[in-house]
Amino acid sequence: MRLILLGAPGSGKGTQAVRLAEYYHIPHISTGDILRQEISRKTQLGTVADSFVSAGKLVPDELIIQMVEQRLQHDDCIVGFVLDGFPRTVAQAQSLDQWLTQHNRKLHAVIYLNVTETTIIQRLSNRRVCSQCQAVYHLVTQPPKQTEICDLCGGRLIQRPDDNETTVKKRLKEYIEKTEPLLHFYQRTGLLISIDGGLDVNSIFNRIISELSNKINGNL
């Protein structure tokens with residue numbers, strides 16, 4: 001199973017990507033994780049990418065594409081993968097298509113978690129992170145046992161700077177501008193599956209599995 005998971009910040013795509021990877025026994029590939037690993041290992045690509053990150057600039061498409069393509073060549077990706085955070089642009093999607101074609105592989109589906117702006121703001125503005133172990137909490141749906149204290153290590157819970165309402169709205173605006181063309185791109189291919197991301201975690205997961213089953217069986 002080869003899948004792409006798309007969704008705005010706070011849509012829950014990371015959570016669903018992990019569950020799908022476990023369900024289908026395929027690797028969960030996060031571009032954020034790849035980038036951090038390349039930089040920490042001081043690889044050639046990581047060193048170049050770090051020069052952009054350190055300067056507060058976006059890592060260019062071509063570097064991200066190279067990192068993802070290298071990861072897709074690992075043996076564990078032969079049976080499939082879940083891509084989380086890639087592609088972000090039509091150019092990245094086209095490069096991925098070319099790579100898959102060259103390696104006689106194809107995508108099975110692109111899952112889009114559709115969540116309203118109101119829901120995303122509510123989710124992110126109530127998110128808290130442990131300053132020590134990085135455990136994530138939600139003041140409404142998953143609050144800590146003690147106010148502002150991590151259940152796991154006793155560390156202080158903080159709000160990330162980019163989780164305040166003003167910043168969230170700005171991030172959403174940027175995401176929509178970049179992602180709308182990408183959604184149209186995959187809609188034309190017939191691969192796009194839109195899921196209501198406002199549901200609870202289990203309902204979203206069950207609906208994804210059901211939609212994928214219908215899609216795969218319909219293509220047999």
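User: Which residue does R36 form a salt bridge with?

Analyst: In this predicted model, R36 forms a salt bridge with D33. The closest N and O atoms of the two are 2.7 Å apart.

User: Why would two side chains like that pair up at all?

Analyst: Side chains of opposite charge can pair when their charged atoms come close.

User: OK, and how far apart are R36 and D33 along the helix?

Analyst: R36 and D33 are 3 residues apart in helix α2, which covers residues 31-40, so about one helical turn separates them.

User: Is R36 buried or exposed?

Analyst: R36 is exposed, because its relative accessible area is 54% and the cut-off for exposed is over 50%.

User: How many salt bridges does the count come to?

Analyst: The count comes to 7 salt bridges.

User: Show me another one. Which residue does D163 pair with in a salt bridge?

Analyst: D163 forms a salt bridge with R127, and the closest N and O atoms are 3.0 Å apart. D163 sits in the loop between β7 (157-158) and α7 (165-189), while R127 belongs to strand β5 (residues 127-130). The pair therefore ties together parts that are 36 residues apart in sequence.

User: Are D163 and R127 buried or exposed?

Analyst: D163 and R127 are both buried.

User: What about E165, which side chain does that one meet in a salt bridge?

Analyst: The side chain of E165 meets that of K169, with 3.5 Å from N to O. These two are 4 residues apart in helix α7, so the separation is about one helical turn. E165 is partly exposed, with a relative accessible area of 44%. K169 is partly exposed too, with 40%.

User: Switching topic. Where is K13?

Analyst: K13 is in helix α1, which covers residues 13-24.

User: Buried or exposed, that lysine K13?

Analyst: K13 is buried, because its relative accessible area is 18% and buried means under 20%.

User: What is K13 in contact with, leaving aside its neighbours within four places in sequence?

Analyst: With those neighbours left aside, K13 is in contact with L5, L6, G7, D84, G85 and L113.

User: Now pockets. What is the volume of the second largest pocket?

Analyst: The second largest pocket has a volume of about 170 Å³. Its lining consists of 14 residues, and those nearest the centre are A8, Y112, V115, Y175 and I176. The elements that give two or more residues to this lining are β4 (109-114), α6 (117-125) and α7.

User: Which element gives the largest share of that lining?

Analyst: Helix α7 does, with 6 residues.

User: And how do the lining residues divide by type, nonpolar, polar or charged?

Analyst: The lining of the second largest pocket has 9 nonpolar, 3 polar and 2 charged residues.

User: Last topic, the whole chain. How many helices and strands?

Analyst: The chain has 8 helices and 8 strands. The radius of gyration is 18 Å, close to the 17 Å that the globule rule gives for 220 residues, so the chain is as compact as a globular protein of that length. Along its principal axes, the C-alpha trace spans about 55 × 40 × 30 Å.

User: What share of the residues is buried?

Analyst: Buried residues make up 42% of the 220 in the chain.

User: And what share of the contacts with a separation of 6 or more comes from residues 24 or more positions apart?

Analyst: Residues 24 or more positions apart account for 67% of those contacts.

Technical notes:
Residues are numbered from 1 along each chain as its sequence is written. This is a predicted model: local features need pLDDT of at least 70, side-chain atom pairs count only at pLDDT 80 or more; totals for chains, interfaces and linings use all residues. Side-chain values use heavy atoms; hydrogens and water are left out. Buried means under 20% relative accessible area, exposed over 50%, partly exposed in between (1.4 Å probe, protein chains only). Contact means heavy atoms within 4.5 Å. A salt bridge is a side-chain nitrogen of Lys or Arg within 4 Å of a carboxyl oxygen of Asp or Glu. On a 1 Å grid over the protein atoms alone, a cavity is a set of points where a 1.4 Å probe fits but cannot get out, and a pocket is an open set with protein on both sides within 12 Å along at least five of seven lines; lining residues have an atom within 4 Å of a point. Grid points are joined across faces, edges and corners, and a volume is the space filled by probe spheres set on the points. Ala, Val, Leu, Ile, Met, Phe, Trp, Tyr, Cys and Pro count as nonpolar, Asp, Glu, Lys and Arg as charged, and the others, Gly among them, as polar. The radius of gyration is taken over C-alpha atoms; the globule rule is 2.2 Å times the number of residues to the power 0.38.
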